[in-house]
Amino acid sequence: MAFLDSLSEGELLALPYLFEFWAYEHQLPPEGDWNTWVILGGRGAGKTRAGAEWVRAQVEGNEPQDAGRARRVALVGETVEQVREVMIFGESGILACSPPDRKPVWEAGRKRLVWPNGAIAQVFSAHDPESLRGPQFDAAWVDELAKWKKAQETWDMLQFGLRLGERPRVCVTTTPRNVAILKDILGRASTVLTHAPTEANRAHLAGSFLEEVRARYEGTRLGRQELDGVLLEESEGALWTLERLDAARIKDVPEMDRIVVAVDPPVSGHAASDECGIVVAGVVQKGPVGEWRAYVLDDATVRGASPAAWAHVAVAALEAWQADKLVAEVNQGGDLVAEVVRQVDPSVPYKAVRASRGKVARAEPVAALYEQGRVHHVGCHAELEDQMRKMTITGFDGQGSPDRVDALVWALHELMIEPSAAWRRPRLRGL
């Protein structure tokens with residue numbers, strides 16, 4: 001209150017238009033020499049407001065008649081109507097954000113905005129990439145690129161037109177989708193990224209909206225994409241696909257016959273080390289072994305933890321889920337793994353497992369269980385599933401080691417693969 005009292009009448013009138021004062025961190029452009037700024041966000045995360053304010057920052061000068069950094073701007077959306085109704089006339093669009101003395105005029109016949117200082121923003125539709133052939137710009141705002149049907153063609157035509165000024169820049173506001181053009185842009189060294197889920201803008205959203213969409217879409221691929229604003233990628237030749245993981249998802253935990261906690265310890269225990277994969281899974285043993293169903297219950301993986309720290313987490317998971325056994329890979333730590341666990345709780349039922357085959361060879365029979373519909377995920381285990389979609393037939397297509405996947409594989413080997421193999425062995429001997 002003291003701050004507001006200290007402002008003059010003019011400063012108070014200007015305050016609503018000082019976006020840097022009100023903005024969330026993800027709505028402000030990163031510093032540095034970048035060409036493209038991508039704002040990934042969930043529905044209602046404030047992407048449109050960020051894009052509109054960025055355009056203002058480019059075209060406005062210190063005074064209403066002063067030139068800004070940019071003089072020619074491209075506004076590109078899926079259709080001309082969407083540019084007009086969302087990017088320009090929308091509640092968070094350019095006109096709503098502009099102060100009265102700097103507000104541009106909409107020239108409907110020419111499909112453009114004209115500012116008092118002479119700056120111009122032209123409207124373009126992604127349905128007509130060729131309309132971008134000819135005009136030239138020093139800035140562009142691109143909205144919802146990930147859902148354009150002609151995204152690559154439109155983006156290419158826009159790049160050829162960005163040839164004015166010292167460093168033409170583009171702001172991309174979009175809900176993420178697993179499309180090639182978005183992944184290509186994000187993979188460039190000249191691209192910077194900010195990201196936010198829908199909840200980041202909860203102060204400007206109806207509480208009932210958040211409650212309803214979370215209740216309906218929490219733990220689904222659509223929820224992670226549209227609410228969390230996460231780009232759900234899938235590597236070529238992945239052992240697990242988005243569709244398969246979605247099909248495996250359930251909400252309620254059935255009564256388990258066995259539960260195990262599987263641990264894939266890191267080589268070392270410090271901040272830069274790999275994660276310690278800790279996954280809890282259970283099995284319902286109804287009917288023959290071939291009809292058993294496994295359930296992934298929890299991902300308690302930790303990063304940068306000391307051996308004592310991850311052992312405490314693993315034992316805590318064992319107790320919380322009343323698990324029957326703790327299974328740990330010992331290729332890296334040997335007997336030291338057992339010693340660390342025993343120091344936390346000497347009575348822990350413990351089994352050491354040793355990898356004799358590569359990660360892909362161990363993972364393939366587990367992936368086959370998913371194909372057969374015999375493994376379910378209780379809820380959404382986002383980081384685990386991200387790793388799963390990057391495990392391919394040729395190896396792990398991600399950074400670091402897939403420790404969460406390794407722990408999952410050991411758990412399901414213990415619950416499903418080993419019992420099945422044991423069931424087959426007597427039958428083979430009797431042939």
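**Cavities, pockets and the sheet**

Author: By the rule used here, there are two cavities of 30 Å³ or more. On a 1 Å grid over the protein atoms alone, a cavity is a set of points where a 1.4 Å probe fits but cannot get out, whereas a pocket is an open set with protein on both sides within 12 Å along at least five of seven lines; lining residues have an atom within 4 Å of a point. Grid points are joined across faces, edges and corners, and a volume is the space filled by probe spheres set on the points. The model is a predicted one, in which local features need pLDDT of at least 70 and side-chain atom pairs count only at pLDDT 80 or more, while totals for chains, interfaces and linings use all residues. Residues are numbered from 1 along each chain as its sequence is written, and side-chain values use heavy atoms, with hydrogens and water left out.

Reader: How much space lies in the second largest cavity, and which residues line it?

Author: The second largest cavity holds about 40 Å³ of space. Its lining includes Val-59, Glu-60, Arg-102 and Trp-115. By class, that lining has four nonpolar, two polar and four charged residues. Here Ala, Val, Leu, Ile, Met, Phe, Trp, Tyr, Cys and Pro count as nonpolar, Asp, Glu, Lys and Arg as charged, and the others, Gly among them, as polar.

Reader: And what is the volume of the largest pocket?

Author: The largest pocket has about 820 Å³ of space. It is lined by 31 residues, and those closest to its centre are Gly-46, Lys-47, Thr-48, Arg-49 and Ser-92. The largest share of this lining, four residues, comes from α5. Helices (H or I, at least four residues) and strands (E, at least two) are DSSP runs, numbered from the N terminus. The lining of the largest pocket divides into eight nonpolar, twelve polar and eleven charged residues.

Reader: Which element gives the largest share of the lining of the second largest pocket?

Author: That is α4, with six residues. The second largest pocket has a volume of about 630 Å³. Of its 25 lining residues, Glu-20, Glu-53, Arg-56, Ala-57 and Glu-60 lie nearest its centre. Its lining has 13 nonpolar, four polar and eight charged residues.

Reader: Changing topic: in what order do the strands of the sheet run?

Author: Eight strands form an open sheet with mixed pairing, in the order β3-β4-β5-β2-β6-β7-β1-β8. Two strands pair if DSSP finds at least two bridges between them. Strands β3 (105–107) and β8 (191–196) are at the edges with a single partner strand each, so one side of each has no neighbour in the sheet. From one strand to the next, the twist averages 15 degrees. Axes are lines fitted to C-alpha atoms, for helices over the stretch in contact, and angles run from 0 to 180 degrees between N-to-C directions.

Reader: Which strands does helix α4 touch?

Author: Helix α4 (residues 47–59) packs on the sheet and touches β1 (36–41), β2 (72–77), β6 (139–143) and β7 (169–174). Contact means heavy atoms within 4.5 Å. The direction of α4 makes about 165 degrees with that of β7. Helix α5 (residues 80–88) also packs on the sheet, and its direction makes about 110 degrees with that of β2.

Reader: How many aromatic pairs are there?

Author: The structure holds four aromatic pairs. Rings of Phe, Tyr and Trp (its six-membered ring) pair if their centres lie within 6.5 Å; planes under 30 degrees apart count as stacked, over 60 as edge-to-face and the rest as tilted. One of the pairs is Phe-89 with Trp-106, which is edge-to-face, at 6.0 Å centre to centre and 90 degrees between the planes. Phe-89 lies in the loop between α5 and α6 (94–97) and Trp-106 in strand β3, so this pair ties together parts 17 residues apart in sequence.
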